[in-house]
Structure formats: C-alpha cells, structure tokens
Protein chains: 4
Amino acid sequence: MKAFVMKKIGEVGWVDKPVPECGPMDALVKPIALAPCTSDIHTVWEGAVGERTDLTLGHEGVGEVVEVGNLVNDFKPGDKVIIPAITPDWNSVEAQAGFGMHSHGMLGGWKFSNIKDGVFAEIFHVNDADGNLALLPEGLDPGDACMLSDMIPTGFQANELAQIGYGDSVVVIGIGPVGLMAVAGAALKGCGRLFAVGTRPDCVRVAKAYGATDIISYKDGSIDSQILEITGGVGVDKVIIAGGTVDTFAEAIRMLKPGGVLSNVNYLGSGEFIKIPREEWGVGMGHKQIVCGLMQGGRHRVEKLTQLVVNGRLDPSKLITHRLQGFDKIEDAILLMKDKPADLIKPIVYC
Amino acid sequence: MKAFVMKKIGEVGWVDKPVPECGPMDALVKPIALAPCTSDIHTVWEGAVGERTDLTLGHEGVGEVVEVGNLVNDFKPGDKVIIPAITPDWNSVEAQAGFGMHSHGMLGGWKFSNIKDGVFAEIFHVNDADGNLALLPEGLDPGDACMLSDMIPTGFQANELAQIGYGDSVVVIGIGPVGLMAVAGAALKGCGRLFAVGTRPDCVRVAKAYGATDIISYKDGSIDSQILEITGGVGVDKVIIAGGTVDTFAEAIRMLKPGGVLSNVNYLGSGEFIKIPREEWGVGMGHKQIVCGLMQGGRHRVEKLTQLVVNGRLDPSKLITHRLQGFDKIEDAILLMKDKPADLIKPIVYC
Amino acid sequence: MKAFVMKKIGEVGWVDKPVPECGPMDALVKPIALAPCTSDIHTVWEGAVGERTDLTLGHEGVGEVVEVGNLVNDFKPGDKVIIPAITPDWNSVEAQAGFGMHSHGMLGGWKFSNIKDGVFAEIFHVNDADGNLALLPEGLDPGDACMLSDMIPTGFQANELAQIGYGDSVVVIGIGPVGLMAVAGAALKGCGRLFAVGTRPDCVRVAKAYGATDIISYKDGSIDSQILEITGGVGVDKVIIAGGTVDTFAEAIRMLKPGGVLSNVNYLGSGEFIKIPREEWGVGMGHKQIVCGLMQGGRHRVEKLTQLVVNGRLDPSKLITHRLQGFDKIEDAILLMKDKPADLIKPIVYC
Amino acid sequence: MKAFVMKKIGEVGWVDKPVPECGPMDALVKPIALAPCTSDIHTVWEGAVGERTDLTLGHEGVGEVVEVGNLVNDFKPGDKVIIPAITPDWNSVEAQAGFGMHSHGMLGGWKFSNIKDGVFAEIFHVNDADGNLALLPEGLDPGDACMLSDMIPTGFQANELAQIGYGDSVVVIGIGPVGLMAVAGAALKGCGRLFAVGTRPDCVRVAKAYGATDIISYKDGSIDSQILEITGGVGVDKVIIAGGTVDTFAEAIRMLKPGGVLSNVNYLGSGEFIKIPREEWGVGMGHKQIVCGLMQGGRHRVEKLTQLVVNGRLDPSKLITHRLQGFDKIEDAILLMKDKPADLIKPIVYC
C-alpha cells in the first residue's frame, strides 16, 4: 500500500506500508478527496511535532469505508464519510469534561499525522468509527467536504471561543483558509463590523465574499493603531488571531475593549513567550479574556457543521483555488502549500 | 399637543395633552417614523394590560430630540435617535443582575403605552436618555430603523435564549414580524435546517428570504407530527415560539430533542396554564429547557443590533409592507394591525 | 448467581441468573455496598418504566472489579470502584453534545435496572469500564461512597441547572435524600438564604446540618404564599424541585423572581401535564427559566464529586439512617424504601 | 471637614476640605468603619494611578447617610450603608453590557481615591445612591461589613471568572486578604482540593480555616513543580492569582490542565509584559483560558455577597487582625498596611 510520508524532518516521499489493522471499534477508509494543511508543512519542514520516521502525512479527507470493527454500529463498507482531523477518545475523562481534543493529554485528540499515520495513504485507519466519522451528504462535492475536516471547525471554533454576539465588532488577523473560515463564522454569528487583516488579493476578495466589511493591511501601520483610529480609540469587542506570531497578541490586546475576548486558533510555531502588555490589559483588571484552542473533533461536530453547508449558509468552495486529480498528486499539493504561490488559498486532491 | 390614545378598553382616538415634562436625565422627542405593534392591539382590544384612560399608545419609533435634562451627556436637541420599546431603569438591582426589562418588577422596563404614555404623540418623553436612546445612523431609513425598537430585539432575543449554535436545527412557530425576525436571527446565529411554521404567502416568501429552509403549515397536520416525520423521529435542537397560544407548548416539547431548548417570545394573552406534556418532557429528566423573555431594552442593545443593519447583514425593510405618510396616519396604521389584511406584515408611518 | 429482581410489576424476589458476559470495553463487578433507590420503588410498584420480567434491580453501588475486557486500560480485577447509576455510551452524538445521559435517545444513559440488569446481583456488568467506573478512594467507607452513584449527582445537578450564584436565595422543595443533596449542593455553590420544604423531623435536622437556613412546612399553607410573605412579595432567585408532583410547578413559578430558574430533578411519575401559570410566568415574557434533567453519569463526574467528599466539604453519611449487613439484606432494604418508616432517609447494604 | 489624603506620590496627610456637593442621584455619607487597602499603598507609594494632589484616600467603608439627592428613592438620611469600592455609572453602555466596572472606559467604575475623593473623610460623596449603596443588615458588625466593599467581591470574583465547578482542583497564589477571600470563595463554589500558596503563619492558619486543604510555600521550590509533582504531572483545573508579579503567570500556566482557567485579580503594578509560555499553552491550542478583572461594584453585588455573611456561610472577621478606634486612626491603619507587620492581615478603623 502506498503512503505519502514525512521521511524525517525536512524530507517527504512515497513509501510502501502494510494495510493497517482494524480494531473492534475502528474503520479502514480509502480516500476520495484529500487536502494538505499548513500543519503538514510545519510538521515536515519546521519539525513542529518533533522527529518522525516515515510518518504518513495528512489529516483532512473524505473517503469510503472499506472495513469496520465488530463493535461499530453506524457505518459499513461502502459508506462515504467525512473524517475530522481530530479524533478523540470519547470515553476519556477529558472528553467527558468537554475537551475531547485533549483526550489523554494536551492535544491528545490530534492523532493523524502526529501520533499515528495520517490519511495520505491508499487505506487509512480511523479510531472509534461511530464516534469519529460522519456521512458525506448526497450531492456534496467531496473536495468541498474536505474543508469540514479542519478548516471549517478550526476557523469556526475561533468565533465560539470569542463568544461573538449580535452586532459585535470583530477583527480577524490572518486570512489564510483558517482565517477566512473565521471571517465566515463571525458573519454566521451575527457580528457587526468585521475587519479582516491581510494583503493577498485573492484572500481579500474571498474575505469580503465571506462577510468582511473592512480590510486592514499591516503594511499601512500597526494593526492596533489602525483599528483604534477607525474606532475613535474605543477598540473592538473581539479579536481573532488566525495568523501571525507570538508577537501578534500585544497588538490584539491593545485594540480590544474591556470585556472583550482575544481568541487564538493560530498554531504558534516559535518563540518562548506570548507577551501580554500589562497596562493595556488593565493592570490585570481589564476583563480582556484570552482564549485559545485546538478544533473540536468527532462526529457530532462534523455533522453540525455539515448542516451549514447543505443548508446553503456556508460555501466552502470559495476556499479551494486548486483542484488536482489523482492520488499521486498529493505530492504536488503539499508542495503547493509549502511554496504558497500568490493565487493559492487551498488545494484539493481527488483520488 | 396631539396624541393617539387608548380611551378605554376597545376604543382609540385622538386627544390633546400637555407636552410632557423633562426630568434631569430624560429627553423629549418628536417622532420621525412610528410603527404600531400587535401589543397595541392586545392593549386596546383585549385589555391585556388592564383598563387605561387616555393612555398614549405606541412604543416603536424613531425621532428627533427636542429637549434633554441637565444630567444628559450624550444627546442634544436635533439628534436623530432610535427609541427602544423597553426603557429600563438602569440602576435598579434587576438591571444590575442583567434583567433591565424587569427593573422594579416583572416587565417593569416596559413603560411606553403601559405604565406611561407611549410614542404616538407630537412630543414624547424618554426616561434616562443616555441609557435608552441610540443615534440613528446616517443613511438608515427611519422607517426601517423603527424595526430596531421592538421587532428585531424581540425576534433576535428568541435565538439568544435558545442558545442557537452552528448547525442547530430550529423550528420557528409563527411568522408574523417577530417570528420573521426570529428566522433572520436564527440564520445569523449559524443554524442549520430552519423550519418556519406559517401559511400566509407574503410571510412565507419573506421567511425564505430571511433564511428558512422549510415551510410547515399547520393545515397539513400537527406541527410536531410533521417535524418528527421529517426528522425520522429525532426532533430538532431548538424550538422558538413566536405565535400561537398556551397550547403551542405541548407541540413544541414533543418535537424537541433532549438537551434542546424551547424559547418563547410570544405574548400569551389568555389561558390559565401553559401545559408541558410530562412524558415527552422526559418525566422531568429530559433536559428540555423552557425559556421566555421580554426583549432587552436600552441603548447598548439597540446600538448592537443597529450594527447588523448598517453592515448589511440584516435588511429590515422586507418586513415593511405598508409605508404611510403623515403623523395622522397612525390611526390608519393601527387599524391595519387590527384588521390584518392578507398582504400586511408591518406598517410604518413617516411623520 | 443470585440476583434480586422485579419479577413483574408489583412483585420482587430472588432468582438465579447466569454470570453476565464481559465485552471488550466492559467490566464485571461484585458488590461491596449497595443501596436501593426510590426509582426502584417506582419501577416495581408503579410500573414506571413499563412491564419487565426478572429484571435485576438496583443502580447504586460500590464493588470490586472481577473481570475486564481486553480494551480496558485503566481498571483491573481487584480494583474497588464506585459505579454511577447512569453509564453513557460516550461516543454517541448525544454524549459529544454534552448529554451523555441521553445517549441514543432520551434517558438512554440510564441502563441499570431499566434497559439491562441492575447491580443487585452477585456479579453485575458495567458497560465501558474506562468511561464509567471511578476508583474508590482509600479510606472512604463504601456505604457512604454509594451516595456518589445517584443521590449526590442527582441532587447536585439541580444546583448546576439552577445556575446558583453567590448569595442567591433558594427554595428546595422536598428533603428526601435527593433534596437533601440539593440543599448541601446549594450551600456548596455559595447560595444565601436557603429554604428547605419538608416536615419529617429527621430530614429537617439533616437539612439544617447541610445548610438550610429556614424550614417551610406545606402544612402551614401553600409554599408560595409562605415564601412570598417572608420575602415581602419579591420571591426567590432559584427554586429546586426534588419532591412533589406535576402540580408543584405552579407554586414554584409563583415564588420565583423574573430572571430566576426553576430546576427540577424529581421523577414525575404521573399526571399528563406540568402546568405553568401564564400570568405569573410573565405572560410568556418573565424570564423564568424552567429546566430539568437526569443526572450526569460516567467516570469524570463521579471523580469530581468524590473530591468533595475526600476533601471534607460534603459528608454523605448524614443521609444514611440504616446500615444493613449481608447481600441478602437487599430485600429488607428495598422494603424499607417502600414502607418509608419515619426515621428512614437512606438505607445501605454492605455485601 | 477633615480628610486623609495623598498629598503627592510618596506623601500622605490630613487636610481640610469643603463638604462635597450632593447631586440629584447621589448621597453624602459619614463613615462608621473604614479600612485601608493595598491599593491605597500602591496609589501613594508606587504612584500606581499617577500623580495626584490632595486626593482623599480610601474606598472601603461603612457609613451613615447624611444627605440624598431628590431623585434618590431607596435611601434616606440615617440609613446605615455599605459602600462598594467600585461605583459604576449604571446607564453607561459598558454597564448595560455587563461591565459596569469599566463604565465610560477601562476601570472607569473605580472612582473613589482614583478619579474622585475617597472615603477617608468626615463626609464623603457616593454617586448614584440607589445604584451603589446597600443597607447594612441589623446585627452585622460594621468593621466586618467593610470587607464587603472590596476584599470579598474581589476575591470572590476570581472564582467566578475561573468558573469553578464541583470538585475542581484549585490553586490560589497569594493569601493576603484578597487571596484568602478567593480561598473562601472557592470552597463556597464546591471546589475539591484547594492549594493555597503562601508562607505567613497567620495567613496560613486563616487559609485553612477558609477551606484550603494544602499549603504550598514558594520557599520549597517553584509552585508549578510542586503542584505538578503532587498531581502526578496532571496539574489542576483552575489557578487563581491573588499575589505575585507579571512573572507568576508562567508558573500558573505550567500547572494548569488543558481546559483549565487562570484567573487573575492581582493588581499588576510593574513590568511591561505578562509572559505566557508558548509550549505549555499548547502552542496556542491548549484551551487554557486567561481571565482577569476588576471587582464588580454596585448595590446588587454587595447585597448578594452580604447574604453569604448574614446566612453564616462566610465569616469575614477572620481577616481582621487589627481593630482601631477613632476616625483619626486612619493614619495608623494605612501605615500598618504599608509596613505589613508579621501578624497583619487587615486592619479596621471604627470612626
């Protein structure tokens, strides 16, 4: 069986692997559509999760069930399914407490292409099929549906963590695919004015289509000074960080109202500390919440978000700029993500 | 000064009244646009708030400030303002607890056309101007803006009380103007499938435009049996009651999932008891929440909801089917509400 | 293997049964201490869950693991464990949504002595051992620990559903063992004045020991009239129903402030409708929430509540009025629950 | 009229001032009991709020109303009242949004001894009497009641911000009077194991009396290493910072579970940045919330917290180590706070 792997830090390639075994609660799935993620790039070229040898990459995909364990009730071979990037152990105490993504330890629900092989293989394994698969609705393009694995749940969670309410003013920093989904998700929480921070023309165009009312370029000055000027020094209700670095937080706090929320869903790859400016944080008394989180995983969440797509409230296809044909195009797709041509938002591979 | 009043239960008319006095925190306002509300009909022809003599009617309006008290900081004569139907006493303990609409007693924030004169007068009084007025944004039609007095906050609150989350399935029972705003507000909370229950063709058309995916007619059978059939017996996540009677609740509970919420914003004018079916309520253990509430009032809320309109997320003009010209057309407008011609959703009077 | 069963509605007795089979995720447990519950009485003598034949009774117990399935990681034979009355299917969509007690359908997490054999057997089966067992802490009396199966989680959930905050005034209606735990739990949420409604002298004494500040007897008039008189007509912030009937709700709504919560954890065994008085419910606009729920089940919850006991914040032994020795005393214990002698709160059987 | 003031940074003293004027919504109050606060020390000797000239100090007090404005309904001369340290403008949009302490700008509800004269005067002024005073209950010692001005609401808010639930493990860093109230408040939210971090023997003794189960000394190693060792590397559910510096946050994050909350109520007097360790924060995905806030102010809050005291759930007298007699002893009291003798927790002055 062919799999596209991280051979070691800085190197990818194809290897042959045995078909994985299917436990009693699990499923084996063959891919229909796959998408690479910026996390794959971090994993391979930045060593973000540490050294790995021949780890199959990929955690975004739609596929067809080929085998299920004998304790699986709700899925059978032939079912077309969406696979969430995060596949919790649902009976863990963490999941029972509402944090399945941290089952058995921080980020422990992130298994694919991290602590076990990912989905870029001719057959891949999914733990807890009943808990972690969702049926692909009839008529939904499998490539579009791939956005339900990670981009939509990650971007949308930012808005839930931020507790966006009707009419809130919101800044979304970063308009790559996750940031764009944060923009779409903020509009779908009934925000008011929605500032999107970014410069790439295609991303700007899509941000507007998803509901951004204002575009801010960091080339025109610091983000916070621009936002404070526009808002007459008042700032905004919510700031979502979906791009940038550990240094982005200081700007975010400065443009945030007391009682506001800073919500981060950006993977922070380097830097020892996030730095919160003491004075603008109200000397520790300003009620400026700081929250962050890995996306929720599992079946229920994918089913819910799928309802947004099938009921016409969210069109994920706007994210997809490159659609490649053939399982072996995975390699091209991941290199696109690595090289980030100007017109790229998100590539998809139909297998 | 002319005012359009409830002379007694069952009778309306014009009277002359002195211009109201303006307290140190208050404002006097002359109307620019006014709208009658179904509550005015309840008040006059059903005696809903009890007997009243020459009570000025009306609680939905946009106007121009003509006088402010000496403790008012943020408004001045000439300012064009939106007036919320509910004008809390903001320093009451109830408001401090988050329930300004019940300041100094249940429903105590409802002052206009209830415990003091309403807005259907050449000059009307607003308590606590800084706390209860909001500036009319430039370029926003005053008639459309009248929908921010009551229809939008009442309908939208239903969705907040229902805690609608991404992808939730929702039923809205009743698609008069409040129900239509509940529909629009559910879509603006990112619901999934959205069933609107109603039959009048104009309302059905507008419900679809605001985001309803399915229309249910009570003429085709009980609502709950239809919803349960469509959902394969599972029911929906949230039910919003924006029309019907005390008997509507039993149907609502039957179609609601465990863990769901029934949210009522319908004024219940008659009947001794709301009846909750014991078995379908899980013999008292089904986690089917029942919530209700008068709209939030005050400046902050209107300002927030105004952001939805000025940022293009909500178009209230779809509600307005009749636009009348001239302050004296109030009478025609209220009779329209009373007679409910087939093509009526909401009338507006430009003064 | 001996088991104490419901032979049919109205009849209990001992039968021989085969030892249950242990699935790959499950455990078999032999009892150390067991307690009957009022629900067992409802089940047998009121037919509350319908007809059953030779259904093993009981859902409150502490035991020793005798066998685990091969997918169980955290428990092994010899471990002493607390068993929650509710044992959810943790990978169900309902559990993922936060409602494990309704996994695969309303009340579906309630398996013991309902849809499968209960714990009153020499060996009993527990589904999903890792998800549903909790270790018995060293030094904790197994009889006292039995209160963690149902009485504590049921009573304490009432306070969570009621969202009790610092200083809230609370009425707890019913001071049987669940009501007493609601009293203790309200004090452990920092309530202020705490009215307990009941008359049995032993229960009254224990209610005071758990934090009740006032005792109300329904023999002195309707509960709501007494509470309204004491509070000067204002009412209370929260009402918890842990006893009574479908008719108790009307009284509860009458004594509740706008913005308050009525929280029910009482099993409602008869009556077609719960009746909510329309006017006192603010004609549908009074913000008087009505919530109810089956206890949360599972390991995490038991572990959390156990922390209250081992850290000395809650002493469950005050509930236990009768301690019987020997597995065969189950029968006596259940008849005690049925006959309710004046000095009974809760009996325990050490096996 | 005599007032005890900050003459300039680093200097205090007595001055004569005119009696303040009483606006239509306001009250004038003469003190019955007063307490200095660590904030007064920061204000004077660290210049925490900037330079001030002859600013009357003090924001914790109980007094007798001597005059009220003509719009005040609920208080009259002769009433004995508790005065909260924070006195919001209740009709501000911030207060309407739930953040009265930030009315008209961050920390804007903090008026006494900050943006207007404080309570250390023979007569002091309270803005919005109906909104910001609370009656002193009969039989409650005025000195004890002074703890309701700031120590109790500040310490207790920490637990609300931390969303402490039944059985949560909690660390409280700092056991000065605010930290001790955080300890008491955590127990009154039903926490489980409760680690208090501090070394002063009197504070340790009181921390245990208020519910701490474990005492941690920073002299025995870093706090996080001790907590992680005790908890087997798992960490705790909630960390409350009520002492320390901007550097305390890194330790707090390290000992916090994913899904946990770090809640700060410590005034952070120096340092440019609070530093959050990137890796232990889950590279931005660990769901470790960081919250902070100035105490809630106003009447409703004081009334609620007073209920804890009058119902015997909280005994503030354990905080008070020094009780001085005579208004002129303010000076001694503030110097006690400045010099912090070993046996000091909180001094009170009876006037």
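Here is a dialogue about an interface and some salt bridges.

Author: One thing before we start: this is a predicted model, so local features need pLDDT of at least 70 and side-chain atom pairs count only at pLDDT 80 or more, while totals for chains, interfaces and linings use all residues. Residues are numbered from 1 along each chain as its sequence is written, chains are lettered from A and ligands numbered from 1 in the order in which they are written, and side-chain values use heavy atoms, leaving out hydrogens and water.

Reader: How many residues do chain B and chain C bring to their contact?

Author: Contact means heavy atoms within 4.5 Å. Here, 43 residues come from chain B and 43 residues from chain C.

Reader: And how much area do chain B and chain C bury?

Author: Buried area is the accessible area (1.4 Å probe) that two parts lose on being put together, summed over both. For this pair that's about 3600 Å², with 71% of it on carbon and sulfur atoms. On the chain B side, Arg278(B), Met285(B) and His287(B) lose the most area to chain C, together 21% of what that side buries.

Reader: How does E14(B) pair with strand E14 of chain C?

Author: Helices (H or I, at least four residues) and strands (E, at least two) are DSSP runs, numbered from the N terminus. Two strands pair if DSSP finds at least two bridges between them. E14(B) and E14(C), the latter covering residues 273-277, run antiparallel over five bridges. Ile276(B), for one, has Ile274(C) as its bridge partner.

Reader: How many salt bridges cross between chain B and chain C?

Author: A salt bridge is a side-chain nitrogen of Lys or Arg within 4 Å of a carboxyl oxygen of Asp or Glu. Across this interface the rule finds zero, though over all chains the count is 78.

Reader: Which parts of chain D does the pair Glu160(D) and Arg301(D) tie together?

Author: Their side chains meet in a salt bridge at 2.6 Å, N to O. Glu160(D) lies in helix H5 (residues 151-161) and Arg301(D) in helix H10 (residues 299-310), so the pair links parts 141 residues apart in sequence.

Reader: Is Arg301(D) buried or exposed?

Author: Buried means under 20% relative accessible area, exposed over 50%, and partly exposed in between (1.4 Å probe, protein chains only). Arg301(D) is buried at 7%, and Glu160(D) is partly exposed at 26%.
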